[in-house]
Amino acid sequence: MNKFEFLKLIANAPKNLKGYSELFDYARNAYKQIMGVFPEGIDNISIKQAAKEASENRQKIIQFPG
């Protein structure tokens with residue numbers, strides 16, 4: 001799997017998961033369901049990076065013009 005696929009995987013996570021650890025755990029478990037084993041090596045690193053990006057994006061607050 002590549003980083004784009006990991007980002008899609010995390011994008012499908014429930015919206016109530018906002019923190020890095022919650023998203024990372026969700027992605028690891030989803031990866032295990034798809035591949036049959038927990039991620040190792042470059043896949044694990046890619047999942048960590050994708051979870052970090054997703055958690056940062058989910059915590060952003062967008063201010064609308066007043």
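Which pattern does the protein follow when read along the sequence? The protein follows the pattern α-α-α, and its secondary structure comes to three helices and zero strands, where helices (H or I, at least four residues) and strands (E, at least two) are DSSP runs numbered from the N terminus.

## Basis of the model

This is a predicted model, in which local features need pLDDT of at least 70 and side-chain atom pairs count only at pLDDT 80 or more, while totals for chains, interfaces and linings use all residues. Residues are numbered from 1 along each chain as its sequence is written, and side-chain values use heavy atoms, with hydrogens and water left out.

## Overall dimensions and surface

The C-alpha trace of the protein spans about 50 × 20 × 15 Å along its principal axes. The accessible surface comes to about 4800 Å², and 55% of this surface belongs to carbon and sulfur atoms; accessible areas come from the Shrake-Rupley method with a 1.4 Å probe, and for residues only the protein chains shown count as cover. Of the 66 residues in the protein, 30% are buried, a class that means under 20% relative accessible area, with exposed meaning over 50% and partly exposed in between (1.4 Å probe, protein chains only).

Among the contacts with a separation of 6 or more, 58% are accounted for by residues 24 or more positions apart, contact being defined as heavy atoms within 4.5 Å.

## The nonpolar core and Ile10

The largest nonpolar core has 14 residues, and those with the most contacts inside it are Phe6, Ile10, Leu23, Ala27, Ile47 and Ala51. Helix H1 (3-11), H2 and H3 each supply at least two residues of this core, and the largest share, five residues, comes from H2. A nonpolar core is here a set of buried Ala, Val, Leu, Ile, Met, Phe, Trp, Tyr and Cys residues joined through side-chain atoms within 4.5 Å. In soluble globular proteins, nonpolar side chains tend to be buried together.

Ile10 is found in helix H1 and is buried, with a relative accessible area of 2%. When residues up to four places away in sequence are not counted, Ile10 touches Leu23, Ala27, Ile47, Ala50, Ala51, Ala54 and Arg58. The C-alpha atoms of Ile10 and Ala30 are 8.9 Å apart in space, with the two residues 20 residues apart in sequence.

## Side-chain pairs within helices

The structure holds one aromatic pair. Tyr20 and Phe24 form this pair, which is stacked, at 5.9 Å centre to centre and with 10° between the planes; rings of Phe, Tyr and Trp (its six-membered ring) pair if their centres lie within 6.5 Å, and planes under 30 degrees apart count as stacked, over 60 as edge-to-face and the rest as tilted. Because Tyr20 and Phe24 are four residues apart in helix H2, they are separated by about one helical turn. Tyr20 counts as partly exposed at 34% relative accessibility, whereas Phe24 counts as buried at 13%.

A search of the whole structure finds one salt bridge, a term that stands for a side-chain nitrogen of Lys or Arg within 4 Å of a carboxyl oxygen of Asp or Glu. The side chains of Lys52 and Glu56 meet in this salt bridge (3.9 Å, N to O). Lys52 and Glu56 are four residues apart in helix H3, so they are separated by about one helical turn. Lys52 counts as partly exposed at 48% relative accessibility, and Glu56 is partly exposed as well, with a relative accessible area of 41%.

Asn44 lies in helix H3 and counts as buried at 18% relative accessibility. Not counting residues up to four places away in sequence, Asn44 touches Phe24, Arg28 and Pro39.

Gln33 has its place in helix H2 and is exposed, with a relative accessible area of 70%. The C-alpha atoms of Gln33 and Glu5 are separated by 15 Å, with the two residues 28 residues apart along the chain. Gln63 lies in the segment after H3 and counts as exposed at 68% relative accessibility; its C-alpha atom and that of Asp43, 20 residues apart along the chain, are separated by 35 Å.

## A nonpolar surface patch

Met1, Ile34, Met35 and Val37 make a nonpolar surface patch of about 370 Å². Patches are made of residues with over 30% relative accessible area and no salt bridge, like charges being joined within 9 Å and nonpolar side chains (Val, Leu, Ile, Met, Phe, Trp, Tyr) within 5 Å. Val37 is found in the loop between helix H2 (20-35) and helix H3 (42-59).
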